[in-house]
Amino acid sequence: MTRSVAKLASLAAAVACVMGLAPAVQAQEVKIVLGMSGWTGFAPLTLADKAGIFKKNGLDVDIKMIPQKDRHLALASKSIQCAATTVETHVAWNANGVPIVQIFQMDKSYGADGMAVRGNINSFADLKGKTIGVDAPGTAPFFGLAWMLSKNGMSLKDVKTTTMSPQAAAQAFVAGQNDAAMTYEPYLSTVRDNPAAGKILATTLDYPMVMDTVGCDPAWLKANPKAAQALTNSYFQALEMIKADPAKSNEIMGAAVKQTGEQFAKSSSFLRWQDKAANQKFFAGELQAFMKDATAILLEAGVIRKAPDDLNVTFDASFIK
């Protein structure tokens, strides 16, 4: 048996083991186009795709890598049916006329998102008038910056921002550009690995406000509840595969973002994927409380002009029961 054949056999065995843990929901090969990014927390969706979990659950999932700032446009144009993004982004999309319904939580950041600063910056007060590389309004890094500043008695008016993707912000910072950068894993590790460039002032360990969910277009969701259930089940089964064969799973997930399995394991150590029990707890009250707090920050930052009419229509907990 060649090495490649042996690896495929090993992968197939791992998937078979995982698939035995939960019954498949047959969705008649329903096609789902799902928008996401290379954020480490989304990687179990990549695993479900590459390891054949989606297919075994009767789904034909096409994962599209779309920048967070553009994902709502793809949703509004019906070119995607579902999207992975942060909770406050779901709030913003709904508030701005792009309805989406969250159906399961994927991860919580435990230090995977953060702000890198130069060595002479020791507090948020020291950031006044400084230039920060951060993604566009409506993205997780932009919200994270607004949240951290707000919690320190400041606002976006106190700093200068230059719009950069999370990857570009980290690379520019390491190259000596800007006074600070808001970014996330795997790009935050670029800063961790280059201490001469600066340091990390704060992460989501200090400000726990980055949590990701998968949501779907409400009309599509109403017409395809079995497919939505299969999508949810596939995510939980991907988590079971990670537990059953972490080395193989990390190799598959890392390859999607050009990391080795070992590098990916390091990046993912800064977040926590959320299993079914964690999802049930989250949807029982924590989600609603966070969305309420996030709405106030989004209004203050100018990302939305008015709060959503009803936050309760922005999620459906029936798929994680």
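Visitor: In this predicted model, are F124 and Y207 buried or exposed?
Guide: The model is a predicted one. Buried means under 20% relative accessible area. F124 falls in that class, and so does Y207; the word for both is buried.

Visitor: Which kind of aromatic pair do the rings of F124 and Y207 form?
Guide: A pair of aromatic rings is described by the distance of the centres and the angle of the planes. For F124 and Y207 the centres are 5.9 Å apart and the planes stand at 80°. Planes over 60 degrees apart count as edge-to-face, so the pair F124 and Y207 is edge-to-face.

Visitor: How many residues apart are F124 and Y207?
Guide: F124 is in the loop between β5 (113-117) and β6 (131-134). Y207 is in the loop between β9 (199-203) and β10 (211-216). The pair links distant parts of the chain, and its members are 83 residues apart.

Visitor: Is the aromatic pair of F264 and W273 stacked or edge-to-face?
Guide: The ring centres of F264 and W273 are 6.3 Å from each other, with 15° between the planes. Planes under 30 degrees apart count as stacked. The pair F264 and W273 is therefore stacked.

Visitor: What is the relative accessible area of F264?
Guide: The cut-off for buried is under 20%. F264 is buried, because its relative accessible area is 1%.

Notes
Residues are numbered from 1 along each chain as its sequence is written. This is a predicted model: local features need pLDDT of at least 70, side-chain atom pairs count only at pLDDT 80 or more; totals for chains, interfaces and linings use all residues. Side-chain values use heavy atoms; hydrogens and water are left out. Rings of Phe, Tyr and Trp (its six-membered ring) pair if their centres lie within 6.5 Å; planes under 30 degrees apart count as stacked, over 60 as edge-to-face and the rest as tilted. Helices (H or I, at least four residues) and strands (E, at least two) are DSSP runs, numbered from the N terminus. Buried means under 20% relative accessible area, exposed over 50%, partly exposed in between (1.4 Å probe, protein chains only).
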